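Thanks for coming, everyone. Please bring up the model on your screens, and I will walk you through a few places in it.

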Amino acid sequence: MRIILLVDMDYFFAACEELRKPEIKDKPVVVGADPKKGKGRGVVSTCNYIARKYGIHSGMPISMAYRLKPDAIFLPLDEPYYESMSNKVMSILKKYADKFEQASVDEAFLDVSQKAQTYENALELAKQIKEEIKTELGLPCSIGIGPNKLIAKMACEAAKPNGVKLVKESEAKEFIANMPVGKLYGIGKKTAAKLESEGYKTVSDLAKANPMKLMDEFGVYGVDIYKNANGIDESEVQENYEVKSIGREKTFEEDTSSIELMDKAIDEMSNEIAQEVARQGFSFSTITLKLRFSNFDEHLKSKSINYSSDSSVEIAKAAKELLRAYYDGEQLVRKVGVRVSGLKPFRGQKRLSSYF
Ligand code: DCP
Ligand code: CA
Ligand code: CA
């Protein structure tokens, strides 16, 4: 039996701001673009729960947030600071996991199957984690516990704010049954709209659907939808980057959905990585692509080749394949990363390129 935790920080950027400015703690706090007295452009990144009471939320135009609560505390983004707090959170979380996967700037999946063994122990572990993050860093978080990543994530949503929720395998299907399809983790707005137009309103409608029909509509992804609707998710907690790896990341000036721009970034990074790999005298056998979306969620996808390579073309080819296979073209991308691992010293080994 697997036991998975999803730990997600509460109102993360705003909580970080409250931490260093305790005087704003009991006020509505909005982090994002400059409101310029209601004339500002750009959006709300996040806000604390007091501000949420006025209807303000992530992604909303900052001008609208200003209209809703002109005397809220509006603060600009300080990404390096949030990133440093994020690193502190992640190093605490890692200690508790058999396997660890950072899924966003403020959340991570922990496979605790071995460490916990039972749901009861996992619940205790979750409370310990919450306690350590609170006492060490002064930040609140919520934790979902489930038999897989999907249920852990959705349990965490239900636990928010500042809570822990356990959904056992036997309860998983019922837990999600009455939710609208758009609430099923991983289903984007477009897919949700399409499903709804075909008469699938709730998750249980999808759970009862004919999987073949979903496959006709959505390809292999249709099978995942069907399984997920039944509370099933076989995907593993994927350890982030291997310790020994070489990579590069690029943050776009503006969030983008342009494959062309992403390809260009991939080409540049692949060249730099290949040079670094050669400089250190290595070859690699795994290529990983990382996408960070405008909402700071992150996705990692890897591809292994069954030989060792040191070629920039190989890196770029694999990264572009992964991009095409996993990027839906819907979400805006903030940052692209490419990384190679499975590093081996090249000494004594014939370079692949010397065969040609
Ligand atoms: N973020 C952003 N723009 C978005 C969504 C998120 O800039 N549209 C940033 C700010 C958030 C952080 O990412 O603090 C984490 O996002 P979450 O979706 O986890 O939201 P919060 O942590 O802010 O709130 P919650 O308590 O609902 O998790
Ligand atoms: Ca969060
Ligand atoms: Ca999050």
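Start at N271, in helix α13. Keep in mind that this is a predicted model. Is N271 buried, exposed or partly exposed? Its relative accessibility is 41%, so N271 counts as partly exposed. Now look for its partner. The side chain of N271 makes a polar contact with the side chain of S312, at 3.2 Å. T202 and N271 are 69 residues apart in sequence, and their C-alpha atoms are 47 Å apart in space.

S312 takes us to the next helix. S312 belongs to α14, residues 312-326. How do α13 and α14 pack? The angle between them is about 150°, and their axes are 8 Å apart. The crossing is right-handed. On the α13 side, the contact is made by I259, M262, D263, I266, D267, S270, N271, I273 and A274. On the α14 side, the residues are S312, I315, A316, A319, K320, L323 and R324.

Stay with α14. Which of its residues are buried? They are S312, E314, I315, A316, A318, A319, L322 and L323. One detail at the start of α14: a side-chain oxygen of S311 comes within 3.2 Å of the backbone nitrogen of V313.

Next, the metal site. Go to the calcium ion that is ligand 3. Which protein residues are its donors? They are D8 and D106, each through OD, and E107 through OE. These donors lie 2.2 to 2.4 Å from the ion. Along the chain, their spacing reads D-x97-D-E. D8 is in strand β1, residues 4-9, while E107 is in strand β6, residues 107-111. That pair is 99 residues apart and links distant parts of the chain.

Are D8 and E107 buried or exposed? D8 has a relative accessible area of 7%, so it is buried. E107 is at 4%, so it counts as buried too.

Now another helix pair. Find α4, residues 79-95, and α6, residues 119-137. They pack at an angle of about 145°, with axes 10 Å apart. This crossing is right-handed. From α4 come M85, K88, V89, I92, L93 and K95. They meet I129, E132, I133, E136 and L137 of α6.

Check the length of α4. It has 17 residues, so at 1.5 Å a residue it should span 24 Å. Its end C-alpha atoms are 25 Å apart, which agrees. The buried residues of α4 are Y81, Y82, M85, S86, V89, M90, I92 and L93. What do they pack against? The list is β1, α1 (12-20), β2, β5 (99-104), β6 and α6. β1 and β6 are also the strands that hold D8 and E107.

On to the loops. N148 sits in the loop between β7 (141-146) and α7 (149-159). Its relative accessible area is 4%, so N148 is buried. Its side chain reaches the backbone nitrogen of I151 at 2.8 Å. Setting aside neighbours within four places in sequence, N148 is in contact with R2, I4, G231, I232 and D233.

Follow α7 to the loop between it and β8 (164-166), and you find P161. A cis peptide bond joins K160 and P161, with omega about -10°.

K37 is not a glycine, but its phi is positive, near 50°. K37 lies in the loop between β2 (29-32) and β3 (44-47). Its relative accessible area is 72%, so K37 is exposed. Q117 is not a glycine either, and its phi is positive, about 70°. Look for Q117 in the loop between α5 (113-116) and α6. At 52% relative accessibility, Q117 counts as exposed.

Note on methods:
Residues numbered from 1 in each chain as written. Chains lettered and ligands numbered in written order. Predicted model: local features only at pLDDT ≥ 70, side-chain atom pairs only at ≥ 80, totals over all residues. Heavy atoms only, no water. Helix = DSSP H or I, 4+ residues; strand = E, 2+ residues; numbered from the N terminus. Expected span 1.5 Å × (residues − 1). Buried < 20%, exposed > 50% of the residue type's maximum accessible area, 1.4 Å probe, protein only. Polar contact = N/O pair within 3.5 Å; in protein donor to acceptor, adjacent residues only side chain to side chain. Contact = heavy atoms within 4.5 Å. Donors = N, O, S within 2.8 Å, 3.2 Å for Na, K, Ca; no water. Axes fitted to C-alpha atoms, helices over the stretch in contact; angles between N-to-C directions. Left-handed = near helix turned anticlockwise from the far one by under 90°.
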